[in-house]
Amino acid sequence: MLIFRKKFVQYIYLGVIISIFLIPISYIYASLSCSITTSAGCGSGTVILRMSGSTNAHAELPSQSTANYDNNVVCCTGVMGLSNSCSETNKVTIARLSGVTNAHTERNTEANANYTQNACLSSIYTGDEITLAYQALNCNSYDTTLFSMEKTPTNSMVGGPSAYNNKVCAKIISQSISFNLNHNSVGFGNLIPTAIRYATNDGLGSSSEVESYNISVNTNAPAGYGVYVSGDSPKKGSTIITPIGGVNTVPSAGNNAFGIRAVATGGNGGVVNPYDGAGFAYDANSTTPTTIATAPTGNGVTTNYSIRTVATIDSFLEAGSYSTNLTYFVTANF
Amino acid sequence: MRKIVSVFLVIGVVIFNFGFFLPGIVEASSLTTLSDKVSNLTTGALASHIIKFTTPTGIASGETVILTFDNGTSTVGVTASDVTVLDDATPITVNAGFPSGSNWGFVNTSSTVLTFTTGSGTVAASSVITITLNGTNKITNGSVGTTLLRITGTLGNDDTGEVSIPIISNGVVNISAEVLGSISFTMSSNAIYFGNLRTTSPCFAQNTNPGNVACPTTSESEALNFTVGTNAPNGYSVTIQGDTLRSGSNTIDALPVNTASSFGNEQFGLRINASGGFGIVTAPYSAAGYAYTGTSSTPAQIASFTGPSATTTYSVRYLANISDLTEAGSYATAHTYVATGNF
């Protein structure tokens, strides 16, 4: 009998271990999740409303600290950049309150004069899409139930998600991606066969390597991003300054050559070969882009890419004005 | 007894992990690993899209995959011929309208919505679907800000997903450069000499003065050379201007057409060989014989090219023959060479 009990316990452990490894992957993905807990228990979560009880309760704003509201706070987690600030650009009002504390609530669609305080669910990322709904019975199609209202649309007590049938529901599509290109026109000035030139944003060019322009990327995409560029080497009609190609090379004066290199700072993005060396490269054209940078994950920290552009010519490259358009784009992997 | 407990535990674990304990409830899943590679992020630009996502539950026959863009993005004009679909690496043919056989159907539902309906085939769970919109008709980007592409439909268990796309005011860098016009022109010698012309052999000029002796160079030899190179878009030409050999009013007859040397007859002419670059000798100076058509007032073109050219070296050979009747005297002339770039 004792042996059987030991085996039984072992089977239980085995089952738990198997369960952990076999948890369906959809359970792992983060989404907005809110629950009623204590103020201290919310930890790194975001309190979006404080209540005097789990049912038949008054409400107060997250900014308040009335002691008897500490045991029933609406605590939200699961989304990076979550906030309760009504000053954020990207926000929804979850309820209007009749005061900062000891308050009744009304829907955000109401406009009663004595409901002067707003409780908000917001994100520091403008790309997040925050959706709020007042639904009866359940919060189907939403990520979570924030709390429930004793009655609608106004003068309502509040309670936890199961307290009343009037549910306050929320969903956040938490995706942020920002991309910036700081200059749209750069130039080499006069190219000569006896020197190497670097493009500058004043159009005059430089004889020493300088930044031509920079691009910046910031995202929370779980699988990171790639930065790409497409476009021909500078050309005049059918005459083109020869692109250096896919091998990082230090060009020498007197040869037709056009290339770029990039230097990354900040965040976790990195320049990829062949654009990460001391020399230059360019292997894109107008129909086929090339990858110049990637990030393995989107960590919400901006990476700046300083792009340097080089050209040199031989003595017999046809005289005239050469130009091209390079199109930079980023693709986030959510 | 232990076997019975073991069996029940294993079954319990399987039931728990695969959700069999709620057979009547099927929840929608999230599509995973979503991306949309947009070829140009400039607001209002026409751009191609490569949309990828992984379906966690697969896609059954007759289910829909709906792409919905916001932020003012326009799908107007996009047709089935602009679309390609891959199930992992396997191409799926796309029909306009309803699906046919294993082909997917495609409908441009509205200015922001594209709808696909799967055909008779099924897509396995965990497959990567790639939808490429890169035909003649492109999608027009919306406003500056974040465009959200929603993927919905009846696929899987009404699975859904979203992709954010940053739209900016201008994602293009214009790069410009100037290449100034240049032309190079050199001459190897500014004085060439025949010595004493004679009737018994041809005489070719040389770049050293032999003194008062019979012409020392009786076989063709370079008298001088000149070089030309330019990046002029329309190339260059070289002309020569000056008389034939003259002594006062007496002259040695110039050859008006390319003519072989014939000593004992009065002849003055030149021929030119070109090497390097793209330059070419102009007729009648390019053939095996000799000619001279310039005068003191009229230049004659001797070489040219129609575009940029690396340096061409032109080797010039001068011929002078006299007859018994050629007046005695010292004959000379000055030939002016001019290279002109055509920028």
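In this predicted model, the domain assignment divides chain B into domain 1, covering 30–167, and domain 2, covering 183–341. The C-alpha centres of domain 1 of chain B and domain 2 of chain B are 74 Å apart. Chain B has a radius of gyration of 42 Å, whereas a compact globule of 343 residues would have one near 20 Å.

**Overall form of chain B**

- Taken along the principal axes, the box filled by the C-alpha atoms of chain B is roughly 135 × 50 × 35 Å.
- The secondary structure of chain B consists of 2 helices and 25 strands.
- Of the 343 residues in chain B, 38% count as buried.
- Among the contacts in chain B with a separation of 6 or more, 70% come from residues 24 or more positions apart.

**Strand 4 of chain B and its partners**

- Strand 4 of chain B has a covered face made of B:Val65, B:Leu67 and B:Phe69, while B:Thr64, B:Ile66 and B:Thr68 make up its uncovered face.
- Strand 4 of chain B runs antiparallel to strand 9 (residues 113–117) of chain B, to which 5 bridges join it, and B:Val65 has B:Phe116 as its bridge partner in strand 9 of chain B.
- Strand 4 of chain B is also joined by 4 bridges to strand 12 (residues 145–152) of chain B, again in the antiparallel sense, and here B:Ile66 has B:Thr152 as its bridge partner.

**An open sheet in chain A**

- In chain A, 4 strands form an open sheet with antiparallel pairing, in the order 9-12-10-11.
- Strand 9 (129–136) and strand 11 of chain A stand at the edges of this sheet, and because each has a single partner strand, one side of each is left without a neighbour in the sheet.
- The pairing of strand 9 of chain A with strand 12 (residues 166–173) of chain A is antiparallel and extends over 8 bridges, with A:Glu129 standing opposite A:Ile173 of strand 12.

**Nonpolar cores**

- The largest nonpolar core holds 122 residues, and the residues with the most contacts inside it are A:Val227, A:Ala262 and B:Ala320.
- Strand 26 (residues 320–332) of chain A gives the most to this core, contributing 6 residues.
- Apart from neighbours within four places in sequence, A:Val227 is in contact with A:Ile215, A:Val217, A:Ile292, A:Ala293, A:Tyr305, A:Tyr328 and A:Val330.
- Another core, of 39 residues, lies apart from the largest one and includes A:Ala57, A:Val79, A:Ala103 and A:Cys169.

**Backbone geometry worth checking**

- Most peptide bonds are trans, and most residues other than glycine have a negative phi.
- The peptide bond from A:Asn273 to A:Pro274 is cis, with omega near 10 degrees, and A:Pro274 is found in the loop between strand 22 (270–271) and strand 23 (280–282) of chain A.
- In chain B, the peptide bond from B:Ala283 to B:Pro284 is cis, with omega near 15 degrees, and B:Pro284 is placed in the loop between strand 22 (280–281) and strand 23 (300–305) of chain B.
- A:Asn155 is not a glycine, yet its phi is positive, near 55 degrees; this residue lies in the loop between strand 10 (144–149) and strand 11 (158–159) of chain A, and it counts as partly exposed because it has 16 C-beta neighbours inside 10 Å.
- B:Asn71, likewise not a glycine, has a positive phi of about 65 degrees; B:Asn71 belongs to the loop between strand 4 (64–69) and strand 5 (83–87) of chain B, and with 18 other C-beta atoms within 10 Å it is partly exposed.

**A loop residue of chain A**

- A:Thr194 lies in the loop between strand 14 (185–191) and strand 15 (197–198) of chain A, where it is exposed, with 9 other C-beta atoms within 10 Å.
- Not counting residues up to four places away in sequence, A:Thr194 touches A:Ala253 and A:Gly254.
- A separation of 53 Å lies between the C-alpha atoms of A:Thr194 and A:Met80, which are 114 residues apart along the chain.

Conventions: Residues numbered from 1 in each chain as written. Chains lettered and ligands numbered in written order. Predicted model: local features only at pLDDT ≥ 70, side-chain atom pairs only at ≥ 80, totals over all residues. Domains from an automatic or database assignment. Buried ≥ 20, exposed ≤ 12 C-beta atoms within 10 Å, placed from the backbone. Pairing = 2+ DSSP bridges. Core = buried A, V, L, I, M, F, W, Y, C linked by C-beta atoms within 7 Å. Contact = placed C-beta atoms within 7 Å. Rg over C-alpha atoms; globule rule 2.2 N^0.38 Å.
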